[in-house]
Amino acid sequence: MRTGRPKLPLQLLPADKEKLLLLARRPKTAQRVALRSQIVLRAAEGHSNQDIARRLGISGATVGKWRERFRSEGMEGLSDEPRPGAPRKITDVQVEEAVTRTLESLPEAATHWSTRSLAQEVGLSQSAIVRIWHSFGLQPHRSEKFKLSTDPFLVEKIRDITGLYLNPPEHAIVLSIDEKSQVQALDRTQPILPLRPGLPEQRTSDYQRHGTTSLFAALNIATGQVIGTCHRRHRHQEFLKFMDLVESKLPPQAQEIHLVVDNYGTHKTPTVIRWFARHPRYHLHFTPTSGSWVNQVERWFAEITEKRIRRGSFTSVWSLEKAIREYLEHYNEKPKPFVWTADADLILGKIQRLCQRISNSPRVLSAPKTSATNL
């Protein structure tokens, strides 16, 4: 027989259950709110207080408290009660005005509000504006860039390339190929001051240019290995030399080799087309126009730039190319493939939402026509 104090039944509406699941699983939810949501969800499933307490590692009294709070007050009962203290001096009307001004207006002769300019406009203190912006997640000082692809085959190309990443063909090699052009050999005008306790590495902002090189790279998405070389020029002749290098590095028994490349003109010249016709095991997959982010080798370019090129000091192009070759050799000793997790539906869904925002934006006269608007 069951013992203990009888508990009143806990009724959970579908809308409340959806909110509780979101609060319990979302990474940015406060831990105390996520815990209370888990308590209510388990209680609605019929678990006892002691069972819930044992599973979540808390006391039975805590489970009983939040179970009863939700039963009597609903979703509002999961919030902390108002703490004692001085009464509020800023009214809801003032908060609403500050938020509305931030979102729907611009200051005179400026592109965005600052805490001081908005405080002067609405008659509040600067610290009050800071708290309001922080509470509503407003950051007028920040701005991000985006670019929509106008490729008429955007959807097809994204599905094709993401399909290669997530489900590559069996017994086939998938290579992500691109060129990092105009890599500058920069030499600082003063010696670099090394890292010291309490001080980061220091370098001058001015430099001397000693020429440029272009880095050609092919990333094997399965193994993470990179085939790379440098050329002083960036033409189809250099691309063909690089393809000859790739051909010599790949096993001859590979029946199919899929190449993900961008729409650069050197990849489509008649000479290049004839080269691929003589090598039928290669299959080209072109990225969308203005969609180089789909090419996985771009992530490796960002890594070599961050770890070897950007903070280096090179007195000649030869020294720059030597540094690149050394990084390639060291990287290929223990390669690590990048993991692609976004499928085509996720990517196209983000593009669709962006197009809808552009179409509904009051600051845009007409939205650009892209294939994503008809998704």
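Author: In α8, Leu154, Val155, Ile158, Arg159 and Thr162 meet Ala344, Asp345, Ile347, Leu348 and Ile351 of α13, where contact means heavy atoms within 4.5 Å. The model is predicted: local features need pLDDT of at least 70 and side-chain atom pairs pLDDT 80 or more, while totals for chains, interfaces and linings use all residues. Residues are numbered from 1 along each chain as its sequence is written, and side-chain values use heavy atoms, with hydrogens and water left out.

Reader: What makes α8 and α13 helices by name, and how is their packing described?

Author: Helices are DSSP runs of H or I with at least four residues, strands are runs of E with at least two, and both are numbered from the N terminus. Helix α8 covers residues 154–166 and helix α13 covers residues 344–360. Two packed helices are described by the angle between their axes and the distance between the axes. Here the angle is about 145° and the axes are 9 Å apart; axes are lines fitted to C-alpha atoms over the stretch in contact, and angles run from 0 to 180 degrees between N-to-C directions.

Reader: Which kinds of residue make up the contact of α8 with α13?

Author: The contact of α8 with α13 has 7 nonpolar, 1 polar and 2 charged residues. Ala, Val, Leu, Ile, Met, Phe, Trp, Tyr, Cys and Pro count as nonpolar, Asp, Glu, Lys and Arg as charged, and the others, Gly among them, as polar.

Reader: Why is the pair Asp51 and Arg55 called a salt bridge?

Author: The term requires a side-chain nitrogen of Lys or Arg within 4 Å of a carboxyl oxygen of Asp or Glu. The closest N and O atoms of Asp51 and Arg55 are 3.3 Å apart, so the pair qualifies. Both residues lie in helix α3 (residues 49–56), 4 residues apart, and are therefore separated by about one helical turn.

Reader: How do you know whether Asp51 is buried or exposed?

Author: Buried means under 20% relative accessible area, exposed over 50%, and partly exposed in between, for a 1.4 Å probe and protein chains only. Asp51 has 14%, so Asp51 is buried. Arg55 has 52% and therefore counts as exposed.

Reader: What makes Arg311 and Glu201 a salt bridge, and where do they lie?

Author: Their N to O distance is 3.0 Å, so the pair meets the criterion. Arg311 is in the loop between α11 (297–309) and α12 (317–333), and Glu201 is in the loop between β1 (172–188) and β2 (207–220), 110 residues apart.
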